[in-house]
Amino acid sequence: MRRHLLSSADLSRDDIAMLLATAAEMHDIQRRDVKKLPTLRGRTIINLFFEDSTRTRSSFEIAGKWMSADTINITGKGSSTSKGESLRDTVLTITAMAVDALVIRHMASGACHQVAGWVDASVINAGDGTHEHPTQALLDAYTMAQRLGDLQGRHVAIVGDLTHSRVFRSNVITLGRLGARVTVVAPPTLMPSGIGSWAVADGFATSGNLDEVIASGPDAVMMLRVQRERMSGGFFPTAREYTVGYGLTRERLRALTAANGEAVICHPGPMNRGLEISPEAADAASSLILDQVSAGVAVRMAVLYHLLAGEEVAA
Amino acid sequence: MARADEDPQAPVSARTVMSEDDIARALRRIAHEIVEHNKGTSDLVVLGIPTRGVELAHRLARLLHEVEGSAVAVGSLDITMHRDDLRHQPTRGPLPTRIPTGGVDGKIVVLVDDVLYSGRTIRAALDALSDLGRPRAVRLAVLVDRGHRELPIRADHVGKNLPTSHSERVRVRLRGVDADSEGVTIAPGQTRAGRPSEASR
């Protein structure tokens, strides 16, 4: 594996398989009394978050701590960035303190690529704008594989606000490399422009009709959050209209179960209950939403281990 | 602990020091020693260190069952995340740790590995074990003790003491792990370049 994890495209199918196998072993540690490994003792990991986050930041922090690394959280709010310091000066200041890894979430797409060019530390993309979120895609694949087995040939539907979703962009890459068949579903206003050629290149299908896709009996349905904070202007007339067209409602949950009794439901969180997902679907037995959170720590431990534990890479 | 990623061709000058029958006899003797020392098999947990230690642990558990007539808990204990040389070699994925239900608290744990050399693997295994619980006692059974300890560690049960020089290579092959050949060979070897201490050989 490379020194950084910036995009899901950095990971070959073998890399993904190794990370998921490692994550499975790490997952066992969560069930132990002593949740601690000495593996990253003496390493320093900085979580640099310029955007709000609950699960990603806390799971990176826990993952680092369980492996005995020193982890420190810095948020955009309350750091010198709010005094006008540039991103470059902020990361150079931090890495001057001899850190081994920077976990970065930033509102600008491509921010992590930029930072990787400035520093010697490993850079891990924890979400950059509407670009990518590779560890989320890994934990989604891990969670689905735990329930469904090998994802080769499995059908996954990704539904919702595709335009603003970095989760979807990373997931089509990772799921594609694992051999899954992906269909993405969105209203025309939330379908990224130019998706046609992209779908051909990455080998996924697009649809504007959620009911048709559900009737085809997908093995997994991943609902995406409607990202109102990134929306300026009218992407859909009313919330109710969105739910009727693209929400996983009680009726659609029933249709999904009828079409494929084994189908599972995912959501990267945080959920807008009642908008893109109904409480019945979120809390259904087939919902893996809390399993995804639990897997988040194990998958991030695997990523930190493979990026940081081995011999020093000559820069 | 020999791993599966080694050069599969044994050097031409390799000399066999234990045959398949020798290995079977050594394990049978170790099983009897464990039963005698422990006055039975109650509270025994046999944990193999991957890869070949796990195969040996399962064979040992079967023999203990034969000798005493009651099933013995058997599992595996991976030490990858506890190694002291992680920074000196490419990252390896962890191997399975499978602790039998019942855990290790208050039990007599017998660690099983194929080759005892520097002792660093066993040091790591003891650390890994302490995160899983507090056994009443820990014992060590190895198929081959080739000397050259770098830590104050010794085995309680040894299949064969094999005097070696640092440069010689000891290879253990077991059916079930290494296709269809079995035996222990020793070869005058080039130590792998650049490795300060082969923690696991």
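# Briefing on a predicted two-chain model

The axes of helix α2 (residues 55–66) of chain A and helix α12 of chain A come within 8 Å and cross at roughly 55°. That angle makes α2(A) oblique to α12(A), since angles under 35 degrees count as roughly parallel, over 145 as roughly antiparallel, 65 to 115 as roughly perpendicular and the rest as oblique. This is a predicted model, in which local features need pLDDT of at least 70, side-chain atom pairs count only at pLDDT 80 or more, and totals for chains, interfaces and linings use all residues. Residues are numbered from 1 along each chain as its sequence is written, while chains are lettered from A and ligands numbered from 1 in the order in which they are written.

**Helix packing in chain A**

- Axes are lines fitted to C-alpha atoms, for helices over the stretch in contact, and angles run from 0 to 180 degrees between N-to-C directions; helices (H or I, at least four residues) and strands (E, at least two) are DSSP runs, numbered from the N terminus.
- From α2(A), the residues A:R55, A:S59, A:F60, A:I62, A:A63, A:G64 and A:W66 meet A:V293, A:G296, A:V297, A:R300, A:M301 and A:L304 of α12(A), where contact requires C-beta atoms, placed from the backbone, to lie within 7 Å.
- The residues of this contact of α2(A) with α12(A) divide into eight nonpolar, three polar and two charged (Ala, Val, Leu, Ile, Met, Phe, Trp, Tyr, Cys and Pro count as nonpolar, Asp, Glu, Lys and Arg as charged, and the others, Gly among them, as polar).
- Helix α1 (residues 13–29) of chain A and helix α12 (residues 289–308) of chain A also have axes that come within 8 Å, crossing at roughly 120°; α1(A) and α12(A) are therefore oblique to each other.
- The contact of α1(A) with α12(A) comprises 10 nonpolar, three polar and no charged residues.

**Strands of chain A**

- An open sheet of four strands has the order β2-β1-β3-β4 (chain A), with parallel pairing; two strands pair if DSSP finds at least two bridges between them.
- At the edges are β2 (70–75) and β4 (122–128) of chain A, each pairing on one side only.
- Neighbouring strands of this sheet are turned by 15° against each other on average, direction ignored.
- Six bridges link strand β1 (residues 44–49) of chain A with β2(A) in the parallel sense, and A:T44 has A:D70 as its bridge partner in β2(A).
- Strand β5 (residues 155–159) of chain A has four of its five residues buried (20 or more other C-beta atoms, placed from the backbone, within 10 Å of a residue's own; exposed means 12 or fewer, and partly exposed lies in between).
- Five bridges join β5(A) in parallel to strand β6 (residues 181–185) of chain A.

**Contact between the chains**

- Chain A contributes 17 residues to the contact, and chain B contributes 15 residues.
- On the side of chain A that touches chain B, α1(A) gives the most, with five residues.
- That side of chain A divides into seven nonpolar, four polar and six charged residues.

**A buried residue of chain B**

- B:D78 lies in the loop between β3 (73–76) and β4 (108–116) of chain B.
- With 21 other C-beta atoms within 10 Å, B:D78 is buried.
- Leaving aside neighbours within four places in sequence, B:D78 is in contact with B:P50, B:P94, B:L95, B:P96 and B:T97.

Definitions and conventions: Two residues are in contact if their C-beta atoms, placed from the backbone, lie within 7 Å.
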